[in-house]
Amino acid sequence: MKPFELFQCCSCAEAVELLSQYKNKAKIMAGGTALLNQMRQKYITPQNIIYLKNIPELNQIIWENDTLSIGAASSIRDLERNEIIQKEFNILAQAAHKLGGYQTRNLATVGGNLCNAAPSAELAPALLTLGGNLEIVGRHGKRRVLIEEFFLGPYRTVLQDDEILTEIRIPKGEARARGTYVKLGARNSMEMAIVSIAVLFALDLEKGIFQDFRLALGGVAPTPIRIKAAEEAAKNKIPSRDLIREIGQIASAQAKPKADLRASAEYRREMVKALTGRAITQTLKESGYEVEKEASH
Amino acid sequence: MIQARLRINSETYDIPIEPQETLLDVLREKLGLTGTKKGCETGECGACTVLIDGKAFNSCLVLAATVQGREILTIEGIGRAEKLHPLQAAFIERGAIQCGFCTPGMIITAKSLVDEGQERSREEILESMSGNLCRCTGYIKIIEAIMSVIEKTK
């Protein structure tokens, strides 16, 4: 790798200061799993690296006042193994578990995964269904954006030249909500998703209908996306086989996949349809719900 | 140039390093600890795995300057020919070594698993070893060796 200056920061203020100074001649690093590979392949050659992993508040995962606060430099492993995340936000733990491989998860960070902003960013679909928001700190102070607003395009986010992501915040949702994250890849591990699906919903068991249905996809558009049309179609409806098929079809139609070396666009569309159905069925099963063949009205 | 202080296998090393030097390169090129192997340099093969404060990392993706003061364990630090670590003994016993290139990484990753001291199913072991590739053995003996040690230590 080409030589660079390394700044190991002790505070966010220090990091923002340095970033404001060096701007596009600097790159942020927390885990470095994506960054170092990009540098080795000479996609980027930053002259300065601003290292955030030592900043204490960026490494905390705090559950307080029914809100989960995740420091942006928290490792994927920390998310995967966190008891609160496993219990209350299980879909996020599922997604964390699917990222990379065993060693990569120890090093990679949630902030890095989001800020690298791959169209298939592993944690994005789950976070989109959970309705997270992000704290961003820059020279002019702090601001918050919804995770839905964070991604602008492939590998592009709303972060300005002088800004760093500091926190991911998720409010406690519907207590009975369950979710499933499905990742399609050629291998069982160490893969970027061809497509990924996150589905999250609660069931009104009395009425036997979907409540608050959320669906997000990765790898099928310039950014990770929520499929609001499918969510609308599902809300307050009985989870029948027909409805599940319909949701899969809407999701497939809304997806805008491109062909790349991993898969064709058409294959991705087909997989969205099939795997959305699978994710919903899996979640229903775990909710103890038997799927009817036809809607009863 | 950084005057770095690194803790490796319970020894302290004071060496000058550059910011862009990875832990892998420092171990192999500057300290002659060549047990840790360079396979892919992209964090995909696991041949470069070391333990840092007990957790397995791909040393090809770690900047040496960032792990000063952490306890780093390499394959050289876990056993000697006269006193093998149980994992090393199990690998030999079970025939889990062919060319040997993946072996240090396999053993180091497995050690972090074993040290967690928990019961692990075969599936869980497979998942935890997912970051270590082997081109020779087909993995069966490797997993058997690791399972036998986890069985014994639980």
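## Salt bridges within the chains

In this predicted model, the side chains of Arg214(A) and Asp212(A) meet in a salt bridge, with N and O 3.3 Å apart. Arg214(A) has a relative accessible area of 19% and is therefore buried, because buried means under 20%. Asp212(A), at 37%, is partly exposed. A search over all chains finds 32 salt bridges in the whole structure.

In chain B, Asp53(B) and Arg70(B) form a salt bridge through their side chains, at an N to O distance of 2.7 Å. Asp53(B) lies in the loop between β3 and β4 (55–58), while Arg70(B) lies in the loop between β4 and β5, so the pair ties together parts of chain B that are 17 residues apart in sequence. Both partners are partly exposed: the relative accessible area is 43% for Asp53(B) and 29% for Arg70(B). Elsewhere, Arg40(A), Asp25(B), Lys38(B) and Glu41(B) are joined into one network by salt bridges that share partners. Glu41(B) is partly exposed at 24% relative accessible area, and Lys38(B) is partly exposed at 33%.

## The contact between the chains

Between the two chains, 29 residues of chain B are in contact with 26 residues of chain A. The area buried between them is about 2300 Å², and carbon and sulfur atoms give 55% of this area.

Three salt bridges are counted between chain B and chain A. Glu116(B) forms a salt bridge with Arg77(A), and the closest N and O atoms of this pair are 3.5 Å apart.

## Aromatic pairs

Over all chains, the structure holds six aromatic pairs. The ring centres of Phe150(A) and Phe151(A) are 5.4 Å apart and the ring planes stand at 75°, so this pair is edge-to-face. Phe150(A) and Phe151(A) are both buried.

The rings of Phe210(A) and Phe213(A) have centres 4.9 Å apart and planes at 65°, so this pair is also edge-to-face. These two residues, Phe210(A) and Phe213(A), are buried as well. Ring pairs link Phe201(A), Phe210(A) and Phe213(A) into a cluster.

## A strand residue in chain A

Lys27(A) belongs to strand β2 (residues 26–29) of chain A and is partly exposed, with 37% relative accessibility. Although Lys27(A) and Ile49(A) are 22 residues apart in sequence, their C-alpha atoms are 5.1 Å apart in space. Leaving aside residues up to four places away in sequence, Lys27(A) touches several residues, including Leu35(A), Ile44(A), Pro46(A) and Ile49(A).

Helix α1 (residues 23–30) of chain B contains the buried residues Leu23(B), Leu24(B), Asp25(B), Val26(B) and Leu27(B). The cover over the buried residues of α1(B) includes β1 (2–8), β2 (11–17), β3 (49–52) and β5 of chain B. After α1(B) comes Gly32(B), with a positive phi near 65°.

Thr74(B) sits in the loop between β5 (71–73) and α2 of chain B. This residue, Thr74(B), is buried, with a relative accessible area of 0%. Among the residues that Thr74(B) touches, not counting those up to four places away in sequence, are Ile8(B), Leu27(B), Val50(B) and Ile108(B).

On the surface, Leu84(B), Ile92(B) and Ile97(B) form a nonpolar patch, and together they have about 250 Å² of accessible area. Ile97(B) is placed in the loop between α2 (86–94) and α3 (103–115) of chain B, and its relative accessibility of 35% makes Ile97(B) partly exposed.

How values were computed: Residues are numbered from 1 along each chain as its sequence is written. Chains are lettered from A and ligands numbered from 1 in the order in which they are written. This is a predicted model: local features need pLDDT of at least 70, side-chain atom pairs count only at pLDDT 80 or more; totals for chains, interfaces and linings use all residues. Side-chain values use heavy atoms; hydrogens and water are left out. Patches are made of residues with over 30% relative accessible area and no salt bridge: like charges are joined within 9 Å, nonpolar side chains (Val, Leu, Ile, Met, Phe, Trp, Tyr) within 5 Å. Accessible areas come from the Shrake-Rupley method with a 1.4 Å probe; for residues, only the protein chains shown count as cover. A salt bridge is a side-chain nitrogen of Lys or Arg within 4 Å of a carboxyl oxygen of Asp or Glu. Helices (H or I, at least four residues) and strands (E, at least two) are DSSP runs, numbered from the N terminus. Buried means under 20% relative accessible area, exposed over 50%, partly exposed in between (1.4 Å probe, protein chains only). Contact means heavy atoms within 4.5 Å. Rings of Phe, Tyr and Trp (its six-membered ring) pair if their centres lie within 6.5 Å; planes under 30 degrees apart count as stacked, over 60 as edge-to-face and the rest as tilted. Buried area is the accessible area (1.4 Å probe) that two parts lose on being put together, summed over both.
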